[in-house]
Amino acid sequence: GKVFYISGVQIDGNYKKKDYVVKRELLVKQGEPFDGDKIRRSSERIYNLGFFEDVNINLLPGKDSDSRILIFNVKERQTGQLQLGAGYSTLDGLTGFLQVSENNLFGEGRRIAAKWEFGAQRQNYELSFLEPYFLGEPISLGASIYKLLRAYYVTYKDERIGGNARLGISAGENDKFWFTYKFEQVNIFDVKTDASDLIKSAEGLNSISSLTTQWIEDTRDSIFFNTKSGFRYSASFEYAGGILLGDNNFTKYILDGSWYFQNFWEF
């Protein structure tokens with residue numbers, strides 16, 4: 001029937017986060033015709049920020065008979081987390097981890113995390129940071145540093161110290177391109193006499209310098225455990241060595257796809 005227009009957009013229930021952090025996820029704007037698909041997708045994008053337990057949509061009459069005020073009612077959740085865990089596998093033995101993270105630093109959507117994994121056969125330290133909207137534009141900047149020791153191999157041990165820098169550029173509603181530069185110093189040590197010739201040739205210190213280009217298309221209604229619809233496809237290409245220097249030369253291609261749908265009940 002009659003076309004209605006959006007005369008205003010409000011965010012209710014948002015007390016700790018800055019409103020623009022939420023509004024920049026919206027696909028609808030004031031003055032546009034009512035579009036149910038865009039409004040639904042906007043609600044999903046707000047939920048996928050991870051700042052809210054629930055997102056509901058309401059409408060109020062606007063100034064004119066053919067206009068409506070669009071309201072997103074949100075319920076806030078704690079964005080800072082302290083996680084502890086333990087596990088066992090035949091490869092790693094008994095392991096544990098401790099992680100401290102804040103997914104909405106200063107109320108501006110920035111993410112910072114520190115993680116420690118520990119065990120008899122594995123040690124991992126990692127610190128990461130992500131700025132999802134650099135200078136207010138849909139450009140993401142991230143970085144991480146880490147130190148990883150893997151001692152579960154029979155004929156050698158592997159220690160890696162490195163870091164990466166990431167640049168993400170949005171290309172439409174659901175698409176994003178990531179460019180990641182990684183530098184990693186690898187130490188292969190405690191090599192046994194019965195190790196393969198390949199492992200023996202890699203003994204000692206060597207470095208990996210690589211650049212990865214990745215495309216991601218993601219239409220999932222939720223990026224968390226309760227996904228019910230949508231898909232996520234990605235393709236990446238990693239190039240190491242050559243003009244990037246480093247001791248290792250290789251290319252790596254990865255294609256990945258997931259499709260989600262409900263069968264019956266909540267499965």
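Between which two strands does the loop that holds Ser 222 lie? Select Ser 222 and follow the chain to either side: the loop runs between strand S11 (204-218) and strand S12 (230-240). Please keep in mind throughout that this is a predicted model.

With Ser 222 still selected, show its surroundings. Ser 222 counts as buried because its relative accessibility is 2%, and buried here means under 20%. Its side chain makes a polar contact with the side chain of Asn 226, at 2.7 Å. If residues up to four places away in sequence are set aside, Ser 222 touches Tyr 47, Asn 48 and Thr 227.

Next, select Thr 219, which lies in the loop between S11 and S12. Thr 219 also counts as buried, at 18% relative accessibility. When its neighbours within four places in sequence are left aside, Thr 219 is in contact with Arg 41, Asn 174, Ser 229, Gly 230 and Phe 231.

Arg 40, Arg 41, Glu 44 and Glu 173 are linked in a network of salt bridges.

Select Arg 110 and Glu 108, which form a salt bridge whose closest N and O atoms are 2.5 Å apart.

Move to Arg 160 and Glu 184, whose side chains meet in a salt bridge with an N to O distance of 2.7 Å. This pair links distant parts of the chain, with Arg 160 in strand S9 (residues 157-170) and Glu 184 in strand S10, 24 residues apart. Arg 160 counts as buried at 18% relative accessibility, and Glu 184 counts as buried at 6%.

Then select Arg 232 and Asp 256, where the side chains meet in a salt bridge at 4.0 Å, N to O. Here too distant parts of the chain are linked, since Arg 232 belongs to strand S12 and Asp 256 to strand S13 (residues 250-260), 24 residues apart. Arg 232 is partly exposed, with a relative accessible area of 21%, and Asp 256 is partly exposed as well, with a relative accessible area of 39%.

Which element gives the most to the lining? H3 does, with 3 residues.

The next selection is the largest nonpolar core. In soluble globular proteins, nonpolar side chains tend to be buried together. Of the 17 residues in this core, Ile 46, Phe 52, Val 55, Leu 70, Phe 72 and Val 74 touch the most other members. Strand S1 (5-12), helix H1 (19-23), helix H2 (36-47), strand S2 (52-61) and strand S3 (67-76) each supply at least two residues of the core. Centre the view on Leu 70, which touches Ile 6, Gly 8, Val 9, Gln 10, Val 28, Ile 39, Ile 57, Asn 58 and Leu 59, not counting residues up to four places away in sequence. A second, separate core of 8 residues includes Val 186, Ile 188, Ala 195 and Ile 208.

The last stops concern backbone angles. Most residues other than glycine have a negative phi. Select Leu 135 in the loop between strand S7 (122-131) and strand S8 (139-150); this residue has a positive phi of about 55 degrees although it is not a glycine. Leu 135 is exposed, with a relative accessible area of 72%. Finally, select Asp 190, found in the loop between strand S10 (175-189) and helix H3 (197-201). Asp 190, which is not a glycine either, has a positive phi of about 50 degrees, and at 38% relative accessibility it counts as partly exposed.

Conventions: Residues are numbered from 1 along each chain as its sequence is written. This is a predicted model: local features need pLDDT of at least 70, side-chain atom pairs count only at pLDDT 80 or more; totals for chains, interfaces and linings use all residues. Side-chain values use heavy atoms; hydrogens and water are left out. Helices (H or I, at least four residues) and strands (E, at least two) are DSSP runs, numbered from the N terminus. Buried means under 20% relative accessible area, exposed over 50%, partly exposed in between (1.4 Å probe, protein chains only). A polar contact is a pair of N or O atoms within 3.5 Å; within protein, one must be able to donate a hydrogen and the other to accept it, and residues adjacent in sequence count only if both atoms are side-chain atoms. Contact means heavy atoms within 4.5 Å. A nonpolar core is a set of buried Ala, Val, Leu, Ile, Met, Phe, Trp, Tyr and Cys residues joined through side-chain atoms within 4.5 Å.
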